[in-house]
Structures are given as C-alpha cells and as structure tokens.
Amino acid sequence: MTVAFKRTMSVCPVCLKTIEAEIAVGDDNNIHMMKTCSLHGSFDTLIWEGNVISYLQWAEEDQEGIAPITAIPSDKGCPNDCGLCQNHHSEACCVLLELTSRCNLQCPVCFASANEEGTDLPLSEIKRQYDLLTEHGGPYNIQLSGGEPTLRDDLDQIVQCGKERGFTYFQLNTNGLRIAEEEGYAEWLKKIGISCVFLQFDTLHDEVYEILRGKGLMNIKQRAVDACIKANLPVVLVPVIVPGINEEEIGSILSYAMQYHPHVRGVHFQPVSYFGRVNLPQEQKRITIPKMLKEIEAQTKGQMKAVDFSGGGAESPYCSFHASYRKKADGTWRALQKKKRGCCAMPSSEAMQFVSRQWGKEETEHGDVRGTETSSLDLFLKQAVEDTFTVSGMLFQDAWNLDLQRLKRCYICEADSERGMIPFCAYNLTDCNGKALYRK
Ligand code: SF4
Ligand code: SF4
Ligand SMILES: [Zn+2]
C-alpha cells in the first residue's frame, strides 16, 4: 500500500501536459512520485531511497527562494512560460551558452543529443545572448557548453565578448578530447580566460567508457587531466552515474581526483536522468541522493560521510548535494562545516565570487593568489582555496520525476535568444519519444 504525504505538479511523460502528482511512501518504503494522465495512464517513479523522515529532514533548513530581478508575464502556466517568468522563485546564477550542437563523440548518454552533423551558434547570436543576459540581471557565471565547445576555434573571441560586457567567470564543459590531443591547447584556454574545466569523467575503465561514451577514453582523460595540470587550469571531474554500470566507481573516482588535488578541485556527480539521448543496455534505473551519499561513505571507507553533506540553498534541496573538505597536515581530510545556503542563495555578486573561488580562478582584490601573492592575506586565501576539495552532485529532472516546485527554484539556466533564460531542466525536458518542450 502506498501513502501519499505531499502534493505537487508535474507533467505526463508521454504528452508533457501539466498534471497533479503525489509524493508517497511506496511498497518498498522508499519515496516515489505518482501521477496519472487522463490519456496516458499512471506513472510511478522512485525519487528517494530512504524513509519519509530522512526525506523531510533533508529539506528541514530550506528557505524561500528569491524572485528573479526581471521576469516575463506568466500565461500558459509552468513549465510553459520560461523566460524566467514571474512565478519563478530563484535568481539565475549560472547560465549555459550552447555554442554548438556538434560533437566529436556520439555518446549513448547525451542530454543535448549532439552529433557530428550539428551547427555552431553564430558569434553575432552569442553577443545577443550576452546582451540579453545583461538585460535580465546579468552578468552571470557562464558555462561554455554544447555539443562539444572545443570544436570551435573562436573560443577566445567568445570569452572576449563576454569580458567586454562584464562577465568574469567562464567554465568550459568538455569531453577533454581536444585538450588531450592538441599540444598547447590547455595553455591557450588558460590564456584566453577560461576559469575552470568541467571534464566529463565517468569511470577509470575503458569498458565503461565504451558503454557510456561509445569508445574507450581513459587514456584521453588522463592526458586531459595532465594537460590541465601543466597549464595550471583548474579541473572538476564530472561523472554521470548509472546504477548497474558505474555506481561501484564512486569511491575510486573520488580517490583519483584527490590524488590530483589541488589542481583537480573536486568532483561533481550527475546521477543519470532520462532526457535527451539515453541509449543504455538496460531499463530505466535511478540513483537518488541518499543512495549516492551512502555509496560515497561506503566506497571512501568512511573518509567522507553522508552526514557531511547538505542539500542546495537557493535551488530546491532535492536538486543537489554538496560537501567541502580540507586536507589536514597528516594528509587526511576534514569535512568543513555545512553551509545552510548554497552559492546561489547569496546575493548574486557574492554568489559569483563563491563559484569563482570554489571552482576556478582565485583572483582577489590583491591580485591572482596563485601567482603573485604578496601579503599574508593573499597567502591565507591561497591556502584556503587550494586546500578545499568539493564533492557535489546535481540530480537533473526528467519527464518522469519532474516536480514543478523544484523547477521553479532552478538557478541554472540556458540562454535562449528569444526567451532570455530557460531553467536547465525545462530546456532539456523531452517526452518519452524524445520530443523537446524547448530545445530546438
Ligand atoms: S520554470 Fe520558472 S520560468 Fe519556467 S514557467 Fe516555471 S516558474 Fe516560469
Ligand atoms: S538544473 Fe534541474 S536539478 Fe539543477 S537546480 Fe535546476 S531544476 Fe534543479
Ligand atoms: Zn499524457
């Protein structure tokens, strides 16, 4: 017997119509989302591997979101009014620019469904998007994304256009192929102003890359990490975690990353969601926040504990988890005090500095703390930043588990030339046949 304890709104995974949903304790004592479309039947999706107390406790310290500075009128109702609309409850903090739909891999798992045949967004359009973002409360932290953004040869101009408009943080989301294969490319990225590389890094084994990315890539990933270290370009490893495929590797990926700390600044896990292209040799399986934290604790042999982690701040706590660690003199790691608020619950200028410090360049008003520190304050900041290792994760929503209360708190947006900003999970929402709500 199932027992519902919360109501929310969601969509039908077949027709994407907005429908009511219940959050309920399922027969397995885990938490499920249950909903019924009058045309397409009932859907039951696992959302929390834990009991109702642990589910409610996770959001205990949740605070109200902040409305966006500029908002467009709401007309058709969420999730069909993105822009951001007046019903949204969070300011944007990070914005993705999809520079190209081309990619040099054809991964079985790809939210952007990218391939070799894609096209590039013209530079004039990118400038327009920067301007739109400025009009909508920017500058924001920018994620240069795709497809594979390194397939473009004009990243220098793209960053420069952003800098001219006051944007300062540029994260590069990449599979690492070009960084690994082209001598001097990582140095060039550093020189043009890339703040941090978010490197797709799902496993330490070629066989698993073959399943998730279509070919063995471990050698490439290692060379990409080495190249970034040589170029003094901060790296964050980004594994997609798929139950039954690489969930056993959570601990070994963390150990690998810690071995390269402080160059590798942390690991950002992305438990699999079912949007875009997901062609896996198994039925839909999910891994939820409590299971991720349990696996982190077990696989790091208690070095990192589930209790070290907390949920997001400005975004819904059910969207993400994070913890930070500092290396002690004896080489072991100490969890830093939990933050009640995530980066994006701070005023935007503070939030942007937080992201910059956490993941990327560490400029202070006293200069670049990596290079030219001259005072004890600089030295202190350098140590504080370099000693910190961050473990985080984001559980993107799909048509099966979409909770509009969560979506309204989203702070990661996609830039859209017509609409302005579209929350990431709305932009990437696809029905069960792959038809997108927003993505063109
Ligand atoms: S996700 Fe946010 S911006 Fe989009 S329709 Fe819903 S409330 Fe409006
Ligand atoms: S991208 Fe999706 S999972 Fe992340 S904060 Fe936005 S709504 Fe939540
Ligand atoms: Zn339907």
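Here is a short chat about a predicted model and the terms used for it.

User: What makes strand 1 and strand 4 the edge strands of their sheet?

Analyst: Good one to start with! The sheet is open, with four strands in the order 1-2-3-4. Strand 1 (3–11) and strand 4 (41–48) each pair on one side only, so they are called edge strands.

User: How do you know that strand 1 pairs with strand 2?

Analyst: Two strands pair if there are at least two bridges between them. Eight bridges join strand 1 to strand 2 (residues 18–25), so they count as a pair. Take Met9 as an example: its bridge partner in strand 2 is Glu20.

User: Which residues come nearest to ligand 2?

Analyst: Of the 15 residues around ligand 2, these are Glu315, Cys319, Cys410, Phe424 and Cys425. Helix 12 (404–407) and helix 13 (424–427) are the elements that give two or more residues to this shell.

User: What share of the protein is buried?

Analyst: Buried residues make up 49% of the 440 residues. To be called buried, a residue needs 20 or more other C-beta atoms within 10 Å of its own.

How values were computed:
Residues numbered from 1 in each chain as written. Chains lettered and ligands numbered in written order. Predicted model: local features only at pLDDT ≥ 70, side-chain atom pairs only at ≥ 80, totals over all residues. Near = placed C-beta within 6 Å. Buried ≥ 20, exposed ≤ 12 C-beta atoms within 10 Å, placed from the backbone.
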